[in-house]
Amino acid sequence: MDQFKGASLDCLRSTRPVFRGLDFDLPAGGALVLTGPNGSGKSSLLRLMAGLLPPAGGTLSWNGEPVAEDPDAHRARLAYLGHLDAVKPALTAAENLAFWAQLEGADPATAVGPALDALAIGHLADLPARFLSAGQKRRLNLARLGLGKAVLWLLDEPATALDVETISRLRDLIHRHRDGGGMVAVSTHSDLELKDAVNLDLGQYTVSAARAAAEETAA
Amino acid sequence: MLNYFANPRRFMKLSGILTPWMAGATLILAGAGLYLGLFASPADYQQGETVRIMYVHVPAAWMALFCYTGLAISAAVGLIWKHPVADVAARASAPIGACFTFLALFTGALWGKPMWGTWWVWDARLTSMLVLFFLYLGYMALNSAFDDPQRGTKASAILAMVGFVNVPIIKFSVDWWNTLHQPASILRMDGPTIHPDMLWPLFLMIGAATTYYLWVLMLRMRRDLTEGRVRARRQIQAEEAGA
Amino acid sequence: MTGFRAILERDLRLALRQGMDSVMVVMFFVIAVVLFPLGVGPEPNTLARIAPGVLWVAALLSVLLSLERLFHNDFEDGSLELMALSPPSLEVVVLAKVLAHWLVTGLPLIIAAPVLAILMNMPADGFALLILALLLGTPALSLIGAVGAALVLGSRRGGVLLALLILPLFIPVLIFGVGAVEAAIGGFPARAPLLLLGAIFAATLALCPWGAAAGLRQALE
């Protein structure tokens, strides 16, 4: 069984400490919901989990192996959803998705159709993405999750700009993913109501600049 | 050993002791070098008194390369081992090196006028110095181009390493270009051996330039590190005001 | 390898659909060259004398102009971070994007160059070498430029800064590129400068994707 773990993680943005000594444990089929006030580092933690941001301290490990030792394998097993939609206006919805499918090593011919349908945008497949609304672009970006082989989903505010119906589709998608042994870490303001989710409140790990400076002087 | 100096507070302590010594060494070396160079050494039988420009020009040209090497090494250390003091050293080296490069170009032009009859010739050395000057400017511009100083430090560190690999290639290409286009009449610098009376002041001036670099480098680094502390203090105040 | 092809195909398709990219670069190239006879005077011998240098400098500036957009759009819309997180390594991503960029901008320059050489009254002996030297030199320019384009991502005043960073690094390519053409015109063997150009191309091919990937990583942090 897969297991994704973080132990005493520190995070710095520029020179500002964001959080310190953060631990998490994400088992196969698990869900981690990140909460906390603005600036508590929800996005930073997800970027750190993805490997975009190197931790200032602590380790991330996958089945006991440090992630940093095999970044190729880590990239191959994760799907990341950020604030930006990464949609090219000049390509059709299907072409946009087919590109990501190819990059992940999935077969676009079989993967794209179902992935679009899972978010109810199958009818928009051949429309150039410049004609899509903000919500539809968001759905197109979410459709990447249905493409393939990623075990670990890292979702940064996935519910933004989505209507109630799409949120419930997203919930279904996540449930199916977890039933198959996948894991998900999600930051959210609006309640996504994932069952058996573990809540991780980042507020408790926040470091004030004053404390950081005091510790540095003591060191 | 690198780890030992990577601690900013330890650096502050050590540099506090060393700075006045470097200042003193600079003054003594430069004083002796200038006296010997300007008064005690003979004029060149070909170039006359203008040869004395050499005592500023050669050390400046030497320091231009020395500073760039220092910059590139500090940048690499900062990037690979994430030593904060190395980052500060790289940033602090750049303006000093740029000034030396400019000085080398400027005195080169002053020397060229009596020797070659023109302020500027596209001599291989002058040209590669000019390119080096651009490399310094590019580094400084990139360093200050980001709102997040951390990004500027990392981006410019990569640039410094790329530039460092490129310096010999550029030098080689400029030499190659110069031999193709070189008008035959130009007097080459590296002619007969230099008289020992001229060598001594030259060495002293090179020593003075090196200690000057270390002196100003430490001053600049101390200022940078102190500024960092002030910024941290401000952040604390902002947090306390907000709380 | 599928990742490499996927990125290449996507970038080419994007360039084809929204792209005036090729046209713009070639137009800039033409206008930049045409300014020289207007500035220097139409005297054929003078033009022939400066033709190789003018063509190379104009080609260099055209490449520079197009480089700013190499990673910029993908950086702004979030595609770049997704590519950085996809299975292919970032070095492969860089290489694919640079190849696409060269096909869209470098290749049209090489096609336009002989026409401009005629306008500049360049002796016919230099034509073959001009094309050959551009074929070796412009990919090296794109590769070096990729490092600069990665470093300036997200900075204030990207374009001018990019020029300041990479024009000095373009100098060896310029020198050997012009050297090859002038050697051919003068009746000397052009082997040495061509080999040096080839060596620069090989070295940039080996080192620049790595440098650009390092630049992109810190831009995406």
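A salt bridge here is a side-chain nitrogen of Lys or Arg within 4 Å of a carboxyl oxygen of Asp or Glu. With that rule in hand, a search of the whole structure, which is a predicted model, turns up 20 salt bridges over all chains. Let's look at where some of them sit, and at what surrounds them.

The size of an interface is often given as the accessible area lost when the parts come together. For chain C and chain A, that buried area is about 2,400 Å², with 62% of it on carbon and sulfur atoms. On the side of chain C, the residues that lose the most area to chain A are L82(C), L85(C) and E221(C), which together make up 28% of what that side buries. The contact draws 28 residues from chain C and 27 residues from chain A.

Polar links are part of the picture too. Between chain C and chain A, nine residue pairs are in polar contact, counting pairs with both residues at pLDDT 80 or more.

**Salt bridges, across and within**

Side chains of opposite charge can pair when their charged atoms come close. Five salt bridges cross the interface of chain C and chain A, and R13(C) with E95(A) is a salt bridge between these chains. Another example, R75(A) with D72(A), lies inside chain A.

| Salt bridge | Closest N to O distance |
|---|---|
| R13(C) and E95(A) | 3.5 Å |

How are R75(A) and D72(A) placed along their helix? They are separated by about one helical turn, because they stand three residues apart in helix 2 (residues 71–77) of chain A.

**A nonpolar patch on chain C**

Chain C also carries a nonpolar patch on the surface, formed by I31(C), V34(C), L35(C), F36(C), L38(C), V40(C) and L119(C). Together these residues have about 660 Å² of accessible area. Helix 2 (residues 21–40) of chain C gives the most to the patch, with six residues, and F36(C) lies in this helix.

Notes: Residues are numbered from 1 along each chain as its sequence is written. Chains are lettered from A and ligands numbered from 1 in the order in which they are written. This is a predicted model: local features need pLDDT of at least 70, side-chain atom pairs count only at pLDDT 80 or more; totals for chains, interfaces and linings use all residues. Side-chain values use heavy atoms; hydrogens and water are left out. Contact means heavy atoms within 4.5 Å. Buried area is the accessible area (1.4 Å probe) that two parts lose on being put together, summed over both. A polar contact is a pair of N or O atoms within 3.5 Å; within protein, one must be able to donate a hydrogen and the other to accept it, and residues adjacent in sequence count only if both atoms are side-chain atoms. Patches are made of residues with over 30% relative accessible area and no salt bridge: like charges are joined within 9 Å, nonpolar side chains (Val, Leu, Ile, Met, Phe, Trp, Tyr) within 5 Å. Accessible areas come from the Shrake-Rupley method with a 1.4 Å probe; for residues, only the protein chains shown count as cover. Helices (H or I, at least four residues) and strands (E, at least two) are DSSP runs, numbered from the N terminus.
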